[in-house]
Amino acid sequence: MSRLPVRKTYKLFIGGAFPRSESGRTYDAEGANVARGSRKDLRDAVRIARQAGAGWSGMTAYNRGQVVYRVAEMMEARRAELAGLSSGADEVERAIDRVVWYAGWADKLAQVVGSANPVAGPYFNFTIPEPTGVVGILAPEPPLLGLVSRLAPVLVGGNTAVVVASEAHPLVAIELAECLATADVPPGVVNVITGLRRELAPQLASHMDVVALDVTGADGDLAELERLGAENVKRIVRGKADGQSPYEIAAFLELKTVWHPIGM
Amino acid sequence: MATAPVLPGGFELPLEPRLPRLGSIDAVALEERAATLATRSIKKGSKVFALDLAIRVMDLTTLEGADTPGKVAALTSKGIRPDPSDPNIPSVAAICVYPNLVAYAVERTRGTGVKVAAVATSFPSGQSSLDVKLLETREVIDAGADEVDMVIDRGAFLSGRYAQVYDEIVRVKEVCAGRAHLKVILETGELGTYDNVRRASLLAIAGGADFIKTSTGKLPSSATLPVTLCMLEAIRDVHEETGRVVGMKAAGGIRQAKQAVQYLVQVHETLGLAWLTPDRYRLGASTLLNDVLMQIRKERTGRYQNPDYFTVD
Amino acid sequence: MIKDKREVARRGEAAAIPTAWEYAPAPESREIVHFEDRYGLYIGGQFLEPLSNERYTTIDPAREEPLAEIAQAGKADVDRAVKAAREAYAERWSQLRPSERAKYLFRIARILQERSREFAVVESLNGGKPIRESRDVDLPLAAAHFFYYAGWADKLEYAFPNRTPRPIGVAGQIIPWNFPLLMLAWKIAPALAAGNTVVLKPAETTPLSALLFCDVVRQAELPPGVVNIVTGDGRTGAELVSHPDVDKIAFTGSTEVGKAIQRTLAGSGKRLTLELGGKAANIIFDDAPLDQAVEGIINGIYFNQGHVCCAGSRLFVEESIYETVISKLKRRMKTLRVGDPLDKNTDVGAINSKQQLDKIGSLVQSGIDEGAEIYQPPCKLPERGYWFVPTVFTNVAQSYRIAQEEIFGPVLSVLTFRTPDEAIEKANNTPYGLSAGVWTEKGSRILAMAQKLRAGVVWANTYNRFDPASPFGGYKESGFGREGGRHGLEPYVALDGS
């Protein structure tokens, strides 16, 4: 006799937990009823992401690097599931290796992006990078590799994220969220909202507590999103859906320069 | 204006401009030293010694708006004989209560050697006039309290009115002198920096404190190992410079026996065995007592214990 | 209800005033470690018998008990190891994608974290350092070092802008006995990250953590020959240094041996880095946070029994606070617990060898003979084993041997100064230049002192802090080259051409 499988219910990922949308709505994607996130879900996610910011950015870079590496460990353990929900094993392997690549930047970034500046005077002057804050991400295709290519640099820099998953292929984003949940990523550092892009993107772009918006995966009216973002001088970032570079991380960093006199 | 007792070196009035220049503490190093001391592994006989000591220096405390004579009666019984099944368990050092309950506590502890400590001076906020604070102090002493736990005026301290803080301590001490010993609560959780903790410690000692105490226990952040280490170092410096002995009370947030042992180790390695006596050291706590009893029984029987087997008073 | 109030009063009186609070022994269990009776040389991914047929015994310096038989690698053994390293380099390691190299190093880091307690016990047993230190300092730093350099393996072009960094080839690495596993990590991690293969010789007295590390290499499935471990004394090191097919030598150890190596390699064109001795000045100004500064002094010279090249062995105290500092220092020294390295409460462990113990004793005697005043806190030492009581000398002149020569033991020399310029002059007045410490509240003074001190590492309001991201190395006769940080990659890459 064949056995009836127990199907997974795909919900949102907010604050380390998997709640349903507060609206109670779902939409049909990839043969499943996927949570149709609302603006209130986004609002909750941003609030939680902000609270989680102090802890995440306050960790040592080494610790952050280890946590991101552990995300790769969890992804490796779920290769089969991730492959089934994306284009296949090749995309999954590239995604895992990309996470490992970015993990290794956490404790080196300041050495490449920062500097000690030789000012003309008896002052010690240094520039250090700091995370910018809550970053909104519109996940690009391909649904796993694209998402990971945008999320990893945001995280490694010490920021927290609210991700709007791919509308057509949302399931792999939730699968990835399960990897995050089991990888010692502190609750609220990453939040994933599935739903309709046209409903969610403008909300993220206009939210006054989202400091940067990654529009690499924006479809539809990009100019409108940029216009909405101007209200709180958002950093609008267009990156690569399939690239890796420390400058992708730097796009989400502020630079702080400090002066101090040198003298007895 | 009150007359001051001998001041620690480098500490002359007027205080306002001088106090902020006093005593810097490196927070990172202080916290690291406290953390290293907390890694001491205290086992077997040395652990039993510490647990027994923890009870003997404990101020068993109830400070709730809902306190009644019945509650105080139960607490006092517990403090006098913490574990009826074990005659070797000592009594606590003191019972600590609000002014209205002092008389009941005094009655229940008469003849037992257990002291009664009363909070006073508009505990926990300290936000009243000096006259009200002095009146309250007089009342608790008249009611029979052996010890007074006062709070410093943090509002005055943080706005730089150090002379006022100092003067209040001196006046309260005048009321106490000869009748009760005075503990001065710094409420370290509100002071912001270890530098301020050291300054407040020296200020309180200069004002006449017999003991300095960390907290009221009414704030989420109270006693921590680095804060008490900072205060013990201030006590040590005063003792080195002037020979004066000042006691230390760690209060607030000490719930587990393991923590209590860490606090005692800290005293042991900073001030030495001489300070590990109820005359010079106290732990202010309420739920701690049962955890200590459970640990003592575990050491004796080899089994991890169950709270149901220990009375809740 | 109190049955008998008199009974209670009696209980109170009967509580005797104790005269001491002795901490009961709190030993870390040895069970987790298993040593073989004898070890071969780890070459090409296997343990091989030494062609030299020579062996020696390695011991536990706290108990003077033998732990295992160790191979003494001779010329032919070293040759075999270098050949294995060369073959692994040419055939396997340099063919790998850098991101794959990275993943091997990440594996090693994770395995070290998993087996952390086991390795900590080995370090304390074989080396003599307290378990609290191996557990809380050596092991976490060793694992972190591999983790840090793993991340550089596939990012080298960002570390050297405008250059295409390439590996050098085979690195010969010789490490000391004071931080055996950590020194191994400092050498192997950057070398492998840059694409080189290695032949490493651990110190004669502390081979065991390196030999156990071979099992980590096996668990990580590192290709055979990438890491080779040859044990032995100075003769093995000399063979490695003079082997014609080694492209680069990295040495950490005594200045005397460092100079000998430099002479040997003269004219050969081989790359060389040296991390040698030191005689660091630890300078305390009158506005320093005093109790924390005293902790810093203690940590600077008694941490790891003073077996630290960057130890703060010369204390310079501003004269106005001299009495206070000395009094606090002596008082603090009395609470140092010297004893069994495996006891979790031990602060100061065993001296690594009889040889080192004798050397310390002889220099301490010279201090007494030259007229310095010695203080040692009362201390009960175990019967067997090599021990030295933490010692401080006051009334020390700059010219005394104890102020000039590296003692490499728990012995502090105290001198005074009146002005910052005087402190700087005396601090720099040494052929060494590894490290220095500055204690003051004043930020601008920290930076001015850092600017003027001729030392590769300056610690301000702290001491003996290490991190894989932080470059470490000396000026002058303390050596050249840096380990740690982006700069730590430089000795292991070839940058010619772009």
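Here are some worked exercises on this predicted model.

Residues count from 1 along each chain as its sequence is written, while chains are lettered from A and ligands numbered from 1 in the order in which they are written. Because the model is predicted, local features need pLDDT of at least 70 and side-chain atom pairs count only at pLDDT 80 or more, whereas totals for chains, interfaces and linings use all residues.

**Exercise 1. The barrel of chain B**

Find the closed barrel in chain B and name the helices that pack on its strands.

Step 1. Look for the strands, which are DSSP runs of E with at least two residues, while helices are runs of H or I with at least four, both numbered from the N terminus. Eight strands of chain B form the closed barrel, in the order E1-E2-E3-E4-E5-E6-E7-E8, with parallel pairing. Two strands pair if DSSP finds at least two bridges between them.

Step 2. Take one pair as an example. Strand E4 (residues 147-151) and strand E5 (residues 181-185) of chain B run parallel and are joined by five bridges. B:Met150 has B:Val184 in E5(B) as its bridge partner.

Step 3. Helix H3 (residues 69-80) of chain B lies across strands E1 (58-61) and E2 (94-97), at about 160 degrees to E2(B). Helix H5 (residues 130-142) of chain B touches strands E3 (115-120) and E4, and its direction makes about 165 degrees with that of E3(B). Such angles run from 0 to 180 degrees between N-to-C directions, with axes fitted to C-alpha atoms, for helices over the stretch in contact. Contact requires that the C-beta atoms of two residues, placed from the backbone, lie within 7 Å.

**Exercise 2. Where chains meet**

How many residues does each chain give to the contact of chain B with chain C?

Step 1. Chain B gives 28 residues and chain C gives 26 residues.

Step 2. On the side of chain B, helices H1 (27-37), H2 (44-56) and H10 (257-270) each give two or more residues. H2(B) has the largest share, five residues.

Step 3. Sort the side of chain B by class: nine nonpolar, ten polar and nine charged residues. Here Ala, Val, Leu, Ile, Met, Phe, Trp, Tyr, Cys and Pro are nonpolar, Asp, Glu, Lys and Arg are charged, and the others, Gly among them, are polar.

Step 4. Turn to the contact of chain A with chain C, which takes 21 residues from chain A and 23 residues from chain C. The side of chain A has twelve nonpolar, six polar and three charged residues.

**Exercise 3. The surroundings of A:Lys240**

Is A:Lys240 buried, exposed or partly exposed, and what does A:Lys240 touch?

Step 1. Apply the limits: a residue is buried with 20 or more other C-beta atoms within 10 Å of its own, exposed with 12 or fewer, and partly exposed in between. A:Lys240 counts as partly exposed because it has 15 C-beta neighbours inside 10 Å.

Step 2. Leaving aside neighbours within four places in sequence, A:Lys240 is in contact with A:Ser149 and A:Glu248. The C-alpha atoms of A:Lys240 and A:Arg150 are 7.8 Å apart, although 90 residues separate them along the chain.
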